[in-house]
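Me: Please take a close look at one thing here: the charged pairs. Where do they sit, and what surrounds them?

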Amino acid sequence: MPGNDLARQIKEHLTARQVVELYGFHPDRGGYIQCPFHAGDNHGSLKVYDGNKSGWHCFGCGAGGSAIDFVMRLFGLSFAQACLKLNCDFGLGLTGERPSMAERSALLEARRREAQEKEAAAALYREKAAEYRQLWEAQKFLSPDIVGYIHPLYAEAAKKLPVLEWWLDQNIGR
């Protein structure tokens with residue numbers, strides 16, 4: 001049944017916290033929000049679970065379920081409508097159909113390639129950050145004010161630090 005496969009895909013892609021936050025609720029550090037399903041909840045009785053135990057439960061009214069159940073109750077939708085709303089609102093592009101073996105292999109290979117590229121970029125960033133730290137310390141501790149002359153490492157640091165700062169700023173978070 002396509003609807004069930006779409007629901008499975010949504011549950012694989014989204015956590016209850018992501019869904020709750022998209023619709024304007026912001027859990028506190030403990031994961032609690034004020035329950036939108038019953039009146040008089042002033043202290044936050046709805047717990048949003050993350051990790052292995054995904055979903056939500058209100059200790060005030062007893063409501064609970066998956067991220068799809070939350071959308072169903074919040075907007076008064078059927079199961080299928082809630083799945084379609086989540087797919088659309090999060091831009092998941094899910095079809096509810098199982099991909100072919102070739103599509104799964106291509107997707108897996110693309111994910112592996114992306115992970116390798118990210119790791120290579122992170123390694124290069126760490127390398128540049130270490131070089132920056134070394135030059136920064138050379139500039140700090142080998143200053144002409146401290147050692148009495150222009151140390152070669154101080155001169156090198158004075159030349160390279162601005163370029164490294166620019167590179168690190170441009171590549172942070174990539």
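Reply: A salt bridge here is a side-chain nitrogen of Lys or Arg within 4 Å of a carboxyl oxygen of Asp or Glu. The model is predicted, so local features need pLDDT of at least 70 and side-chain atom pairs pLDDT 80 or more, while totals for chains, interfaces and linings use all residues. Numbering starts from 1 along each chain as its sequence is written, and side-chain values use heavy atoms, without hydrogens or water.

The count comes to eight salt bridges. Start with R8 and E12. Their closest N and O atoms are 2.6 Å apart. R8 is partly exposed, at 28% relative accessibility. E12 is exposed, at 54%. (Buried is under 20% relative accessible area, exposed over 50%, partly exposed in between, with a 1.4 Å probe and protein chains only.)

Helix α5, residues 101–141, carries two pairs of this kind. One joins K118 to E114, with the closest N and O atoms 3.5 Å apart. The two are four residues apart in α5, so about one helical turn lies between them. E114 counts as partly exposed, at 42% relative accessibility. The other pair is R133 with E137, where the closest N and O atoms are 2.7 Å apart. R133 and E137 are again four residues apart in α5, hence separated by about one helical turn. E137 is partly exposed, at 29%. Beyond these pairs, R17, E21 and D50 are linked in a network of salt bridges.

Now the surroundings of α5. Its axis and that of helix α7, residues 152–171, come within 8 Å. They cross at roughly 145 degrees. (Axes are lines fitted to C-alpha atoms over the stretch in contact; angles run from 0 to 180 degrees between N-to-C directions.) On the α5 side, the contact residues (heavy atoms within 4.5 Å) are L124, Y125, K128, A129, E131, Y132, L135, W136, A138 and Q139. From α7 come L153, Y154, E156, A157, A158, K160, L161, L164, E165, W167, L168 and N171. The residues of this contact divide into 15 nonpolar, two polar and five charged. (Ala, Val, Leu, Ile, Met, Phe, Trp, Tyr, Cys and Pro count as nonpolar; Asp, Glu, Lys and Arg as charged; the others, Gly among them, as polar.)

S143 is in the loop between α5 and α6, residues 144–147. S143 is buried, with a relative accessible area of 13%. Leaving out residues up to four places away in sequence, S143 touches A138, G148 and Y154. A138 and Y154 also take part in the contact of α5 with α7.

F90 lies in the loop between α4, residues 79–89, and α5. F90 is partly exposed, with a relative accessible area of 25%. F90 and A102 are twelve residues apart along the chain, and their C-alpha atoms are separated by 26 Å. Leaving out residues up to four places away in sequence, F90 touches L14, Q18, V19 and L22.
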